[in-house]
Amino acid sequence: MSSTPHRMRAVTNLGTLFTDVGLFERYERAAAAGFNFKSAAELAAEEDILCLIEPINSYTIPGYFLNNYNQAVQVLEDLGKKPNLKLMFDVFHAQQICGQLTATVRQLRHYIGHIQIAQVPARGPPDSPGEIDYHYVFQMLKDEVNHLSNIGCEYNYNGENFDWVSGLGLEF
């Protein structure tokens, strides 16, 4: 039996609590959620569990509270820069939130805890037609973040094969 602890990932979407209320109530709920999330992250740290927050673009979920990276970084800093509290960097959302993927990754690399991928705009696999050049993105992530050992795929799967993995220079 291995003595190395298994890292678990827990993702929270703070913004889903706020899509149906006015601006003032959003901030009240955010304060309560922040307190609860800070407590949860502290408990999770005892078990070596990584907690993630995920900014989501306002096209996919209009009214989502956590919808930009400046705000997400501020949440992480306000919660005390805990080593087990990081950003879920979803390339699909990042492209729609701010574009400039290279500059955004460089700016956020120390905050990124996990990466997810999907093509924009139809949330297809990374080799499908769309806005993002994943050959470039994967090389940039290797160079800038070195998080390619664990990438999540959150795209619309329609039974296609996974030839894109080797086609983009990756492996399972």
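1. N84 is buried, at a relative accessible area of 7%. (Buried is under 20% relative accessible area, exposed is over 50%, and partly exposed is in between, with a 1.4 Å probe and protein chains only.) You'll find N84 in the loop between α2 and β3. Its side chain reaches the backbone oxygen of A41 at 2.9 Å, and a polar atom of that side chain lies 3.0 Å from the backbone oxygen of I49. (A polar contact is a pair of N or O atoms within 3.5 Å; within protein, one must be able to donate a hydrogen and the other to accept it, and residues adjacent in sequence count only if both atoms are side-chain atoms.) Leaving out residues up to four places away in sequence, N84 touches A41, A44, A45, I49, L50 and C51, where a contact means heavy atoms within 4.5 Å.

2. A word on what we're looking at. This is a predicted model, in which local features need pLDDT of at least 70 and side-chain atom pairs count only at pLDDT 80 or more, while totals for chains, interfaces and linings use all residues. Residues are numbered from 1 along each chain as its sequence is written, and side-chain values use heavy atoms, with hydrogens and water left out.

3. Now the overall layout. The protein chain has six helices and five strands, in the order β-α-β-α-β-α-α-β-α-β-α from the N terminus. (Helices, H or I with at least four residues, and strands, E with at least two, are DSSP runs numbered from the N terminus.) Of the 172 residues, 44% are buried. Among contacts with a separation of 6 or more, 70% are between residues 24 or more positions apart. The chain exposes about 9600 Å², with carbon and sulfur atoms supplying 51% of that; these areas come from the Shrake-Rupley method with a 1.4 Å probe, and for residues only the protein chains shown count as cover.

4. Helix α2 (residues 69-78) buries Y69, Q71, A72, V73, V75 and L76. Their cover includes β2 (49-53), β3 (85-90), α3 and α4. N68 caps the N-terminal end of α2, with a side-chain oxygen 3.1 Å from the backbone nitrogen of N70. After α2 comes G80, which has a positive phi near 100°.

5. Which residues of α4 are buried? They are L101, T102, T104, V105 and L108. Looking down the axis of α4, these fall within an arc of 165°, so they line one face of the helix. The buried residues of α4 pack against α2, β3, α3, β4 and α5.

6. Helix α5 (residues 134-144) has Y134, V137, F138, M140 and L141 buried. Down the axis of α5, these sit within an arc of 160°, so they line one face of the helix. H135 and D143 are exposed on the other side of α5. Cover for the buried residues includes α3 (91-97), α4 (101-108), β4 (112-117), β5 (151-153) and α6 (163-167). At the start of α5, a side-chain oxygen of D133 comes to within 3.1 Å of the backbone nitrogen of H135. Just after α5, N146 has a positive phi of about 60°.

7. Some backbone angles to check. Most residues other than glycine have a negative phi, and most peptide bonds are trans. D48, though not a glycine, has a positive phi of about 60°; D48 lies in the loop between α1 (23-46) and β2 and counts as partly exposed at 23% relative accessibility. K81 is another residue other than glycine with a positive phi, near 50°. K81 sits in the loop between α2 and β3 and counts as exposed at 56% relative accessibility. The peptide bond from V120 to P121 is cis, with omega near 15°, and P121 lies in the loop between β4 and α5.

8. Lastly, the surface. Y157, F162 and F172 make a nonpolar surface patch of about 400 Å². (Patches are made of residues with over 30% relative accessible area and no salt bridge: like charges are joined within 9 Å, nonpolar side chains (Val, Leu, Ile, Met, Phe, Trp, Tyr) within 5 Å. A salt bridge is a side-chain nitrogen of Lys or Arg within 4 Å of a carboxyl oxygen of Asp or Glu.) Y157 is in the loop between β5 and α6 and is partly exposed, with a relative accessible area of 46%.

Note on methods
Arc of directions from axis to C-beta.
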